[in-house]
Amino acid sequence: MSGEDATSRMGSSTGDDARVAVQGVSKRYDGAQGPVRALSNINFSVANGEFVCVVGPSGCGKTTLFRVIAGLEESTEGRVLLDGKMINGPTSDLGLVFQEYYLFPWLTAAENVGFGPDHAETAADERDARVQELLNLVGLGGSADSYPRDLSGGMKQRVSLARALAMDPGLLLMDEPFGAVDAQTKRMLQDELLDIWQETGKTILLVTHDVAEAVRLADRVVVMAADPGRIRTVVDVDLPRPRTRTDETFGAVYERVLGLIN
Ligand code: ADP
Ligand code: MG
């Protein structure tokens, strides 16, 4: 990593260089038992090239926050800026990865990655080359013609990741992306995501309930609390990568974040 990169990743919490800025976002749902305060006055931002994780217990509003930033859900108050522009709805400048894979079962891995209106205007051979490049990037170079039913959970999530990267989005937004795979696959996918982040220089915002995952991946961890869903604090993770859970320094940050959640 160059010195310049390191500096830009130091992070800004409100800086103008923010790729995404969440400003005063609140979200109320009308639940069966009355109003639910899913998000209350959420403020944070992610700098260009930064890797930020949002962590918190089940029900603290992580998915709601993901959906609001993705433009899939309207906030009750506040706004989200992507490169200084307000998000009003879904945009191809965001690459989304959900816990559920949402792949088209009748399309091959390559067709799933290449699917999308923006691609229709690209010449077929150029598009195919780009799709193959993305499949190589996520370690699925040999599975281009496989259908989702023939892929493991981890492989399906790799296809989802390649698809999310296909539009070359300014921000990669992920909601519990490794929540449905076994522990060993999860660690492998985390390592691969870090490699891809370092290779592409993407800005990543990943929400998870898994504290170890957040501490393993992030430059900064936004710690949320529930009822109402709010930010408790933001923890800088100033540890060199690759990070191992058994490192003493890792353990200290992990315990600190866990303590903030409980
Ligand atoms: P998380 O992803 O952290 O588990 P969610 O964002 O899914 O949290 O949910 C936050 C809170 O909002 C929870 O209390 C949940 O029950 C509630 N909630 C989520 N979606 C809806 C909805 N569409 N209608 C009513 N309540 C909702
Ligand atoms: Mg969720």
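Gly84 lies in the loop between β4 (77-82) and β5, strands and helices being DSSP runs numbered from the N terminus (E, at least two residues, for strands; H or I, at least four, for helices). The relative accessible area of Gly84 is 56%, so Gly84 is exposed (over 50%; buried is under 20% and partly exposed in between, with a 1.4 Å probe and protein chains only). Between the C-alpha atoms of Gly84 and Arg37, which are 47 residues apart along the chain, the separation is 27 Å.

The model is predicted, and local features need pLDDT of at least 70, side-chain atom pairs count only at pLDDT 80 or more, and totals for chains, interfaces and linings use all residues. Residues are numbered from 1 along each chain as its sequence is written, chains are lettered from A and ligands numbered from 1 in the order in which they are written, and side-chain values use heavy atoms, with hydrogens and water left out.

β4 and β5 belong to an open sheet of four strands, ordered β2-β1-β4-β5, in which the pairing is antiparallel (two strands pair if DSSP finds at least two bridges between them). The edge positions are taken by β2 (34-47) and β5 (85-86); each has a single partner strand, so one side of each has no neighbour in the sheet. Strand β1 (residues 18-31) runs antiparallel to β2 and is joined to β2 by ten bridges. Gly31 has Gly34 as its bridge partner in β2.

A further open sheet comprises six strands in the order β6-β7-β8-β3-β9-β10, with mixed pairing. Here β6 (94-97) and β10 (230-236) are the edge strands, and because each has a single partner strand, one side of each is left without a neighbour in the sheet. From one strand to the next the twist averages 15° (axes are lines fitted to C-alpha atoms, for helices over the stretch in contact, and angles run from 0 to 180 degrees between N-to-C directions). Four bridges connect strand β3 (residues 51-55) with strand β9 (residues 220-225) in the parallel sense; Val52 has Arg220 as its bridge partner in β9.

Helix α2 (residues 62-69) lies across β3, β6, β7 (171-175), β8 (203-208) and β9, at about 150° to β7, where contact means heavy atoms within 4.5 Å. Helix α6 (residues 153-165) lies across β6 and β7 and runs at about 170° to β6.

Helix α7 (residues 183-200) comprises 18 residues and spans 26 Å from its first C-alpha to its last, close to the 26 Å expected at 1.5 Å a residue (1.5 Å times one less than the number of residues). Its buried residues are Thr185, Lys186, Leu189, Gln190, Leu193, Leu194, Ile196 and Trp197. These buried residues pack against β3, α5 (124-137), α6, β7, β8 and α8 (211-217). At the start of α7, the backbone nitrogen of Gln184 has a side-chain oxygen of Asp182 within 3.2 Å. After α7 comes Gly201, with a positive phi near 70°.

The disulfide count is zero, a disulfide being a pair of cysteine sulfur atoms within 2.5 Å. Cys53 is in no disulfide, and the nearest cysteine sulfur, that of Cys60, is 13 Å away. Cys53 has a relative accessible area of 0% and is therefore buried. Cys60 is likewise buried, with a relative accessible area of 0%.

Definitions and conventions. Polar contact = N/O pair within 3.5 Å; in protein donor to acceptor, adjacent residues only side chain to side chain.
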